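Hello,

Here is the structure I promised to pass on. Please have a look, then read my notes below.

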Amino acid sequence: MVTQIQDQSSTTVYFKEDYIFNEIKIYEVHVIVEDSYHNTTEKIAYVKVEESDTNPPTLSGIDKLTLLLGDAIDLKEGVTIQDDHDDNPTYTIDDTSLNLKQIGEYTVYYHVSDQYDNEETYSRNIEILSSYDNREATKDGIKTCYLTFDDGPSSNTKEILDILDEYNIKATFFVTGTAPDYFDYIKEAYDRGHVIGLDSYSHDYEYIYTSVKNYLNDLNKIKEVVYEQIGEYTKYIRFPGGSSNLVSKKYNEGIMSVLTKKVIDLGYQYYDWTSINGDGEGIKTVDGLKEKALEEIDGKEDIMFLMHDSGTQDNTVTALPYILDELIERGYEFRTIDDTSPTFHHTVQN
């Protein structure tokens with residue numbers, strides 16, 4: 001407690017009395033300095049007694065990281081260490097399992113310690129996703145239409161299937177689980193030669209876009225429904241609202257940037273669209289749907305055409321023959337989605 005003594009003789013330092021520091025409080029103590037001639041100086045000092053430090057330092061800023069193949073990362077960036085007694089706690093990083101050049105999920109460990117030998121280990125999950133290119137349409141002079149229907153099956157699906165049969169046209173249906181009474185139309189569409197893709201089970205934007213886990217759980221659920229109907233798993237999917245949707249930002253900022261990579265790594269391929277009839281944008285009249293379809297077709301060599309076969313889209317059924325006639329008159333060939341189809345990916349905005 002005494003840091004500096006000045007005297008012409010040797011000195012002794014001692015407490016005025018014996019103190020027992022056995023309570024958590026501030027003690028007033030008397031310190032005496034005595035020289036060899038028995039001259040004394042007495043000073044009052046204060047001793048603060050605290051609880052023993054048994055708590056290790058805490059670490060923040062080690063949330064899960066999602067990276068693309070080959071990305072560089074500073075594992076210390078944004079990481080903060082704090083301790084309730086030690087002003088200079090330390091940490092080390094064990095990243096021996098991390099491979100930035102291989103797709104996968106990894107765990108990095110942060111070991112923290114303070115001057116009182118309190119230690120703790122924190123883990124941080126790091127996911128490496130693939131980097132890939134959009135599969136572009138081939139500019140070969142052949143006008144091609146990939147006809148797709150979202151949000152079914154429903155009471156309207158049967159009528160759409162019958163119309164497509166009349167034209168001998170095959171389409172791709174991205175199905176949901178919102179109308180279980182019509183699940184048998186999934187099998188019927190498949191049996192008639194159409195391709196089945198996955199939209200979502202619940203079609204509940206708030207639920208599926210709150211987290212990657214929710215999205216994948218929902219996707220797995222509709223995948224199993226389709227398997228029960230057609231006996232095989234499909235890898236073609238469409239995000240509700242498309243990959244460019246901004247609704248997801250309300251529930252989880254940046255989630256589409258993750259999901260568009262995550263589904264590829266899981267073996268899926270997602271498809272957006274180039275053309276619509278407007279039935280998902282609030283156009284409710286038959287004439288309005290026809291007009292919008294013609295506007296969206298105009299001047300495009302290859303198109304992926306989005307319409308909806310949900311239960312509320314009766315006018316889509318009515319307008320469909322007119323739209324098909326226009327596509328045929330303008331020289332389009334019809335194809336279903338397969339492993340070589342262009343993906344028509346939108347620009348991800350979240």
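The notes below cover a pair of helices and then one further helix. Keep in mind that this is a predicted model.

Helix packing

Start with helix α1 (residues 157–167) and helix α2 (residues 184–191). Their axes come within 10 Å and cross at roughly 10°. Angles under 35 degrees count as roughly parallel, so α1 and α2 are roughly parallel to each other. On the α1 side, the contact is made by T157, K158 and L161. On the α2 side, Y185, E188 and A189 take part. By type, the residues of this contact are three nonpolar, one polar and two charged.

Helix α6

Next, helix α6 (residues 286–297), which has twelve residues. At 1.5 Å a residue, α6 should span 16 Å. The end C-alpha atoms of α6 are 17 Å apart, which agrees.

Which residues of α6 are buried? They are V286, G288, L289, K292, A293, E296 and I297.

What covers the buried residues of α6? The cover includes β15 (275–276), β16 (302–308) and α7 (314–329).

One backbone detail to end on. Just after α6, G299 takes a positive phi of about 80°.

Best wishes

Conventions
Residues are numbered from 1 along each chain as its sequence is written. This is a predicted model: local features need pLDDT of at least 70, side-chain atom pairs count only at pLDDT 80 or more; totals for chains, interfaces and linings use all residues. Side-chain values use heavy atoms; hydrogens and water are left out. Axes are lines fitted to C-alpha atoms, for helices over the stretch in contact, and angles run from 0 to 180 degrees between N-to-C directions. Helices (H or I, at least four residues) and strands (E, at least two) are DSSP runs, numbered from the N terminus. Angles under 35 degrees count as roughly parallel, over 145 as roughly antiparallel, 65 to 115 as roughly perpendicular and the rest as oblique. Contact means heavy atoms within 4.5 Å. Ala, Val, Leu, Ile, Met, Phe, Trp, Tyr, Cys and Pro count as nonpolar, Asp, Glu, Lys and Arg as charged, and the others, Gly among them, as polar. The expected span of a helix is 1.5 Å times one less than its number of residues. Buried means under 20% relative accessible area, exposed over 50%, partly exposed in between (1.4 Å probe, protein chains only).
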